[in-house]
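Reader: I would like to go through the terms used for this structure and hear what each one rests on. Please set each value against its criterion.

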Amino acid sequence: MSARSYIIDDREKKTFLLDREVLVSEDILRREMAQIFGHCWIYVGHASELKKPGDFRSRKVAGRPVIFCRDQGGAFHCLFNTCRHRGAIVCTEREGNRRRFQCLYHGWTYGNDGRLVGVPGDDAYAEGFDKSSHGLRRPARFEDYRGFWFMCLDGRAPPLADYLAGAKDYIDLVLDQSPSGRMEIIAGVQEYDVAANWKLMVENSVDDYHLPSTHSTWLNFMANSGVKIEPPKEEGLVLPTKGFAVELGNGHFTTDNINFRGRPVAKWIALYGEAAKAEIDEIRSELVARLGPERARRVADTNRNLVIFPNLVINDGSSVTVRTFYPEGAGKMHVTAWALGPAEEGESARARRLDAFLTFYGPGGFATPDDVEALELVQQGLANWSDDRWSEMSRGMGKEGEQLNSDEHHLRIFWRRWNELMGAPT
Amino acid sequence: MTVATPNVVTRAQVEDFLYHEAALLDDWKLKEWEALLTEDATYYVPPNDQPEGDHRHTLFLVADDRERIRQRIIRVLDPNCHAESPRSRTRRMITNVRITGIEGDLVTVAANFVCYRYRRYERIRKYVGAYRYVLKYAGGCFRIKERRVLIDAHELGSLGSVSFIL
């Protein structure tokens with residue numbers, strides 16, 4: 001298939017249209033796996049998931065089974081979970097602590113650094129058989145930014161820190177919640193499928209335009225809980241407070257909003273109860289003392305949904321969620337979501353953070369199921385794509401200057417980058 | 001007047017109660033279902049990978065106190081709860097009911113369930129797992145003090161969401 005542009009990006013007419021074929025085509029998905037997932041840095045896991053040497057987690061990253069683990073010396077590894085002998089999955093446990101991973105098929109055994117350390121009956125191999133070249137394979141690159149580990153299948157990719165570009169500042173803002181700068185993944189993972197193209201989750205994760213219509217029951221719940229949600233005061237706003245869409249380079253972007261929904265990190269709302277006030281005040285004072293009033297305000301009084309291209313979302317909103325998702329066919333994705341909290345968080349603050357998470361996020365939350373419904377309805381509607389070809393994404397293009405979170409500027413950033421990586425002529 | 005003692009509680013009584021509850025949930029009679037709850041009732045769906053976790057330090061799928069249950073009912077009955085509009089049709093099969101403990105007026109109960117969920121144009125979703133209850137026995141009838149739903153699937157996966165009361 002020859003490369004072509006899948007977007008109509010007309011800056012004069014101020015219209016932006018997306019070819020819906022990109023959301024339904026299995027051919028395009030195959031090319032995405034090579035050109036997007038084969039070249040970009042892809043999130044694997046967080047350092048806090050592996051606390052000790054020998055700890056491991058087995059998971060799929062962009063459809064590939066990997067072992068995310070630490071060796072006896074404590075170094076982090078990402079190994080393909082595929083036996084070098086005949087290809088079986090080597091580690092079948094979800095998590096644990098092991099010095100060795102043994103393939104159950106013929107017993108080839110690997111160290112937790114990936115080296116091949118045991119081959120039953122190895123005297124049957126010719127002299128030239130070299131164990132040291134039969135260690136578990138691994139992605140070409142594996143690097144972290146402040147505990148967020150990513151892999152890249154392309155050895156020529158820029159270093160992770162360069163790739164992340166402006167997204168680093170927004171990760172830093174999340175980590176500033178913790179007095180020691182250490183946030184940890186909290187136990188309990190939410191893994192669920194959505195019968196929709198994976199790129200629809202990218203859009204949905206940062207699209208604040210949909211909040212009033214998709215999430216009116218959540219807004220009602222907040223009001224029922226004593227949280228005052230006032231209608232927008234300024235013309236052009238669809239949310240109670242102002243928020244912006246910000247481009248961060250390399251296809252990354254974020255919303256950056258003045259908070260109205262409460263924050264476990266230091267913005268009390270009635271939902272948390274009177275008893276929580278004192279502790280939230282303490283958290284706030286610690287922020288101000290450590291970061292100064294301006295930075296403390298950034299951490300506590302703004303909420304941000306960050307997309308790291310192509311498929312990592314960090315929502316620092318009602319709570320913090322780290323969410324990643326992979327295509328399983330053009331019309332289906334698998335979502336994995338975790339909660340993130342300060343490593344030193346006390347019991348009551350942790351419980352409040354988790355409770356706040358569930359008010360909005362996750363398969364049993366008061367908002368996420370309606371997002372899932374919206375995305376699945378999009379996918380169902382797209383069955384008409386060949387006769388109703390273009391999705392409309394021009395919102396905000398008519399304006400000079402600032403772009404709101406409820407505009408579609410940030411969605412366009414994603415699609416332009418995606419289009420470029422898919423080889424569209426420039 | 002005699003005080004009802006849980007020692008006389010039978011499995012048949014518990015089964016009748018669970019079948020009644022299941023019928024109310026399957027029929028979306030959620031206000032009537034709510035009347036079965038104690039004033040301090042809780043409703044938990046632990047995450048698939050930590051079924052024995054504690055909701056205070058583990059991210060659950062659902063961890064509702066009494067007020068949150070009240071709000072959940074308001075939400076799912078609202079036509080703007082899009083995930084349940086039109087409402088799922090559900091059908092629960094409850095079996096292997098056991099009384100696992102009696103302490104004072106509290107009766108702990110375990111049961112297995114299959115809950116089939118149907119929505120238009122969609123695949124059938126089969127939720128399989130175990131219910132664990134703490135029932136309060138008073139005045140000759142049961143009230144639900146704690147309701148815990150353990151899902152057997154290793155991940156929620158194709159079940160998608162728990163947007164109805166499971």
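Predicted model: local features only at pLDDT ≥ 70, side-chain atom pairs only at ≥ 80, totals over all residues.

Reader: What makes β4(B) and β5(B) a pair of strands?

Author: Pairing requires at least two bridges found by DSSP. Strand β4 (residues 106-118) of chain B and strand β5 (residues 125-138) of chain B have twelve bridges, in the antiparallel sense, so they count as paired.

Reader: Which residue takes a positive phi in the hairpin of β4(B) and β5(B)?

Author: Tyr121(B) does, with phi near 65°, and six residues lie between the strands of that hairpin.

Reader: How do you know that β5(B) also pairs with β6(B)?

Author: The same test is applied, at least two bridges. Ten bridges join β5(B) to strand β6 (residues 141-151) of chain B, and the two run antiparallel; therefore they are a pair as well. Within this pairing, Tyr133(B) stands opposite Arg147(B) of β6(B). The hairpin of β5(B) and β6(B) has two residues between the strands, and Gly139(B) takes a positive phi near 60° there.

Reader: How many helices and strands does chain B have, and in what pattern?

Author: Chain B has three helices and six strands. Along the sequence they follow the pattern α-α-β-β-α-β-β-β-β.

Reader: Why is chain B called as compact as a globular protein of its length?

Author: The globule rule gives 15 Å for 166 residues, and the radius of gyration of chain B is 16 Å, which is close to that value, so the chain is called as compact as a globular protein of that length. Along the principal axes, its C-alpha atoms fill a box of roughly 55 × 30 × 30 Å.

Reader: What percentage of the residues in chain B is buried, and what makes a residue buried?

Author: Buried residues are 36% of the 166 in chain B. A residue is put in that class because 20 or more other C-beta atoms lie within 10 Å of its own.

Reader: What makes the meeting of α6(A) and α3(B) a contact?

Author: Two residues are in contact if their C-beta atoms lie within 7 Å. On the α6(A) side the residues are Thr217(A), Phe221(A) and Asn224(A), and they meet Gln71(B), Ile74(B) and Arg75(B) in α3(B). By class, this contact has two nonpolar, three polar and one charged residues.

Reader: At what angle do the axes of α6(A) and α3(B) cross, and is the crossing left-handed or right-handed?

Author: The axes of helix α6 (residues 216-224) of chain A and helix α3 (residues 66-77) of chain B cross at roughly 145° and come within 10 Å. The crossing is right-handed.

Key. Residues numbered from 1 in each chain as written. Chains lettered and ligands numbered in written order. Helix = DSSP H or I, 4+ residues; strand = E, 2+ residues; numbered from the N terminus. Rg over C-alpha atoms; globule rule 2.2 N^0.38 Å. Buried ≥ 20, exposed ≤ 12 C-beta atoms within 10 Å, placed from the backbone. Axes fitted to C-alpha atoms, helices over the stretch in contact; angles between N-to-C directions. Left-handed = near helix turned anticlockwise from the far one by under 90°. Nonpolar A, V, L, I, M, F, W, Y, C, P; charged D, E, K, R; others polar.
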